[in-house]
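Subject: Structure handover

Hello,

Here is the structure we discussed. Please look through it before reading my notes.

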Amino acid sequence: MRLVIERGELLRALGHVTSVVERRTTIPILSNVMLKTAGASVEFKATDLEREVIEQANAEVTQPGAVTVPAHMLHDIVRKLPDGAQVELKREPDKDRLTLTSGTSRFALQALSAEDFPDLSPGEMTHSFEIGASELKRLIDKTRFAISTEETRYYLNGIYLHTAGHALRAVATDGHRLAQVEFEMPAGADGMPGIIVPRKTVNELHRLLEDTGASVQVGVSKAKVRFEIGTVTLTSKLIDGSFPDYDRVIPKNNDKELHVSNAAFKSAVDRVSTIASERGRAVKLALDADKLTLSVNNPEGGSATEEIDVGYKAAAMEIGFNARYLLDIAGQLESDDVVFKLADSGSPTVVRDSADATALYVLMPMRV
Amino acid sequence: MTIRQLSPETINRIAAGEVVERPASVVKELVENAIDAGARDIDVVTAGGGLSLIRVADDGHGMGPTDLALAVERHATSKLTDDDLFDIRTLGFRGEALPSIGSIALLTIQSRAHGTPEAHEITVARGAKSALKPTALNRGTCIEVRELFSATPARLKFMKSERAENQATTEVVRRLAMANPQVGFSLTTGERASLRLPQAPPGTDGHLARLGRIMGADFMADALHLSGEREGVRVTGFAGLPTLNRPDTAMQFLFVNGRPVRDKLLVGAVRAAYGDLIPKGRHPLLALFVDVDPPEVDVNVHPAKVEVRFRDAARVRSLIIGGLRGALDQAGHRASASGGAATLAAFAAVTGVQGASGSASSAQAWSHSNSQSWRPSRPVHAPTGFAEAMQAPLTGSFAGFDATSADTSPIAHAPAPDLLDRPLGAARAQVHATYIVAQTQNSVVIVDQHAAHERLVYERFKAMLATGSVTRQGLLIPEIVEVGEAEAEVLADHSMDLAELGLALEPFGTGAVAVREVPALLGDTDIQGLVHDLAADLLHEGASKRLRDRLEAVCSTMACHGSVRAGRRLTGPEMNALLREMEATPNSGQCNHGRPTWVELKLTDIERLFGRR
Ligand SMILES: Nc1ncnc2c1ncn2[C@@H]1O[C@H](COP(=O)(O)OP(=O)(O)OP(=O)(O)O)[C@@H](O)[C@H]1O
Ligand SMILES: [Mg+2]
């Protein structure tokens, strides 16, 4: 194999693929990135066995071939090369080295055979559809904070993507709170199986979406999902489990409505929760006619109260929430009219932007 | 059948049956007599497990001929003044031991009263007293017992092996030696020199040195001194750090007015005082000396005097608990010194540094410097400006942290000097995603992040419990946990207690429970695992344990589930926050399983490893 590639092109490709490579792995080849020529381009591929990222880059290929080399090391080297440099990659047949030459720099990297590189073999995708990158990004932004990190409930360790009526919907929950976002079902998604996309894949995808404004081609099967974003393809296994029947826990009849400006609410929660130094403390919301009093009482730390003007006409009540959960949700809301729909101090509460019916959050209260 | 008066021999033999159960009992009576006689050196020799020979020689005040003749008479004692059984200041008081022994063996007593020129000897052969005769003896008293139990063959049948008898004898002498550090002891059983205990210098150090000879060098390194007095009851002694523990109570000693006793009171008090500092099924090492006005205690409740009865047992108990708690709180987060010593020893073994003696002495230096510098372990809140100081150098340095090796996460910049002054220092790196390495002005501290965090979560739980403010996070979807019938039942039985700790659950069909709320402190936690562990805890603890103990067990299980696991990468600020919290938390020196949470290597010790000293 022998090729010459522009440094910027190489850096971009490596930047996209290397982040799936685990820094510590017991299987040596998984630390590597695979380079494989394909006509006038070269394909980069990295995997952690759960997911793989493939990127195409333009190169001047003089001798076709394939090889794998340590991904992070190659990435680090390329990062340190000067802007605009030409890089020559060359592997002598039967040599377990890849030489990288650029200007006066010369590196020889330990190579492993490309034949041994694992292939995720994406298989048949039963459904495929197109979706705007910004929509997909929004979907992730608004839900991923609620993904559970508790490994024993593995089926909650991802975002549940599925169809609901005429919508494509994403849901994440850790059992304490739930986030749900939906948008109009794209053509081709109808009838697709509900899939749970693992957290790491979600984060990879989010990262890849940052560089693009175009649309994303999504392929779905029972076991895998594939995202084609420009020249990058991310394929991932899915979490094999059934997502709980979340719809049951979204209250439909909460009749006490609280209207509040998100900015005011967010900064008030942020201030009072300074006292709630640890995760075991609640922010108490006391509701009265058009008045919301936020308070935190930490027997070891002190106490804090703050009053804000709100719209509230129902009977007075009190309810406590985990400060961090409130902040997480407030971070997703945008409008000046956020609606809380409450029932009582022990029941789930629904939060949403009044102007935006597509996103909704459910929060379980805390009790002392 | 006719009723007849028992002969004096028979009476003595019956008494002997109570006083002298086995050879060790004879040794006990004789050594006690020697101690009562003010001996400074006591030499004990036995042969044939004590059946063929027991000889106890002392350098006490001895007896003149008249006393000697009286000593072997029943109920003859020089010790009970005014016949007041409630004012006993000596180990002996009944005047029963020597005649009892004389009735079941060949007893020879040689004695020379202090300041007199001649010594006398008397023998009692299975109850038959001989005449006094002069003998040669430099000083004190020498008592020989041969052919023990030859007059009561039934007893002989019950004797255990020679080894077992030797062990019992050694145990007896040890206990008496612990209470009398200024007396030198030597014990030879058969061919073996079992004990050689030189006179210890007076004072606390001397006493600890004696205890160390008997309870082990670890105890000496890890013992806390305690001393307290209230209303005529005085408790002194030494208690081991909770990290030094063993599976039985064999190393827990109680002495009442210098008398070794076995009393359930001690077991209970120790458990109450150490409480959750020590893992289940493990026991600390300690030796406590209770001194009360003789009228406050009845020692005449057991023929061999191994039990006593306090007039006010509750006061003694509370004083013991108070003394132990005080000492333990003072020790704060001081971890086991043997941890550091063991670390050094391990290093020494690898590097081939001249090991044994060096590491032993460093262990002492370690514990010493430790005990002095570790006093203020109570939550001293960070002085103003500290938070800024903590963040300033670190947050910056973590940006470039990506590029470093995965195994070690170092903090590149020099740590803030005021962090170096803190007891646990400034975090410098995390290694193996499990240990935090921190630097102080003169040492390196290694912290086990999981163990430490577990303790902190646990202490937070307890604090919340104490203020009655455990918060519960509701679950959107109740978690159903299949546990088995017995487990589901015991969980349901304790659902009130569990709710108080933040876990709300209810029965769900047979053999399952539905969890509705979890302790908020635990965050997003493994509920299944937690509930299974709790059920197992509750089943095994049974109903016998006090509620508080049960709650603590539950807390500790919950804490374990809520802690940072080994293997989690921590950022610099996270590491420093953990260290600061450890400093502010009492008892953070060991995790709930009694393992140390951190060890410290003094620079001087490290220098020694490299042969720089
Ligand atoms: N080693 C000794 N040195 C000096 N006097 C001794 C010694 N052993 C015994 N005596 C004297 O002999 C007396 C009788 O001893 P003995 O052990 O039979 O009774 P006691 O010690 O008074 O009471 P107890 O039966 O409770 O042990 C003692 O009171 C003491 O005066
Ligand atoms: Mg006696």
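For the complex, the predictor reports an ipTM of 0.74 and a pTM of 0.52. The mean pLDDT of chain B is 76, with 77% of its residues at 70 or more. The pLDDT is below 50 over residues 335–339 of chain B, a stretch with 26 contacts in the model beyond near neighbours in sequence. It is also below 50 over residues 348–407 of chain B, where the corresponding contacts number 76. Where pLDDT is low, predicted coordinates should not be read in detail.

Chain B has 613 residues, of which 44% count as buried. Its elements are 21 helices and 26 strands. Of the contacts in chain B with a separation of 6 or more, 69% are between residues 24 or more positions apart.

The largest nonpolar core has 143 residues, and V33(A) and V283(A) touch the most other members. Helix α15 (residues 449–466) of chain B supplies the largest share of this core, seven residues. Leaving out residues up to four places away in sequence, V33(A) touches L14(A), V17(A), F44(A) and V69(A), among others. Another core, of 89 residues, lies apart from the largest one, and L68(B), V173(B), A179(B) and V270(B) are among its members.

Regards

Conventions: Residues numbered from 1 in each chain as written. Chains lettered and ligands numbered in written order. Predicted model: local features only at pLDDT ≥ 70, side-chain atom pairs only at ≥ 80, totals over all residues. Core = buried A, V, L, I, M, F, W, Y, C linked by C-beta atoms within 7 Å. Buried ≥ 20, exposed ≤ 12 C-beta atoms within 10 Å, placed from the backbone. Helix = DSSP H or I, 4+ residues; strand = E, 2+ residues; numbered from the N terminus. Contact = placed C-beta atoms within 7 Å. pLDDT = per-residue confidence, 0-100.
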